[in-house]
Amino acid sequence: MMSNNTIHRIKEYIDYKGISVRLFEKSIGMSNGSFASQLKNGKTIGVDKLENILHTYNEINPDWLLTKNGPMLRSDLPCATKAENKLGIPLIPVSAFAGIATGEVSVLEYECERYIIPLFKDAEFLIPVKGSSMVPKYSSGDIVACKKLSLNDIFFQWNKVYVLDTDQGVLVKRVHKSADPDHIKIVSENPKYEPFDLHISKIHAIAIVIGVVRLE
């Protein structure tokens, strides 16, 4: 069996890679919430799960995991697994937004281009803008920098631009207060697109836009 220090090092690796605990549990064959429970209660994790971890995440240095000796990552793997490749903000496809914003999917599951933009230090990912509904603020092909938010305690900053995963697809829109407290008003910059109310329950994932990269 592994020591408590080992299970905390597993959590350290999860945090380093930006993987949700739920996704990690699923990837190594643990039931939902089991790793989180063991971590919280200071319990150990079985050798079979250790083997699954080292097989699934083969960049982990076994010596570091078991004894804390040496670096976290193995040095004998290709450059694609080294820490320097975490530099920059990942540019993800629009189709990946829902999973990443909810923590169900890690950006590491995609071969993302990364961009170093010092002014966007709080951004967690970039996504491209499509369509003309936000012209002139954003044009199709612009890239917005986003910070994901939790739906459990969402506090809307009225008139700010958000990226929302909804029943109607992924929307990049301003959010205004609605007359109905169970709704928000979705507003485009382009006057050709009428504002509309959206029930909060129809929002499946959300991120706030904190900047834009405009491509000429």
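These legends describe close-up views of a predicted model.

Local features rest on pLDDT of at least 70 and side-chain atom pairs on pLDDT 80 or more, while totals for chains, interfaces and linings use all residues. Residues are numbered from 1 along each chain as its sequence is written, and side-chain values use heavy atoms, without hydrogens and water.

**View 1. The largest nonpolar core has 20 residues.** Such a core is a set of buried Ala, Val, Leu, Ile, Met, Phe, Trp, Tyr and Cys residues joined through side-chain atoms within 4.5 Å. Buried means under 20% relative accessible area, exposed over 50%, and partly exposed in between (1.4 Å probe, protein chains only). Ile 10, Phe 24, Phe 35, Ile 53 and Tyr 57 have the most contacts inside this core. At least two of its residues come from each of helices 1 (4-17), 2 (21-27), 3 (34-40), 4 (47-56) and 5 (62-67). Helices are DSSP runs (H or I, at least four residues), numbered from the N terminus. Helix 1 gives the most, four residues.

**View 2. Tyr 57 and its contacts.** Leaving out residues up to four places away in sequence, Tyr 57 touches Tyr 13, Ile 19, Phe 24, Ser 27 and Ile 28. Contact means heavy atoms within 4.5 Å.

**View 3. Two faces of helix 4.** Lys 49, Leu 50 and Ile 53 are buried in helix 4. They lie on the same side of the helix because they cover an arc of only 105 degrees around its axis, taken from the directions from the axis to the C-beta atoms. The face turned away from the buried side carries the exposed residues Glu 51 and His 55.

**View 4. Asn 5 in helix 1.** Asn 5 counts as exposed because its relative accessibility is 52%. Its C-alpha atom is separated by 9.2 Å from that of Gly 42, 37 residues apart along the chain.
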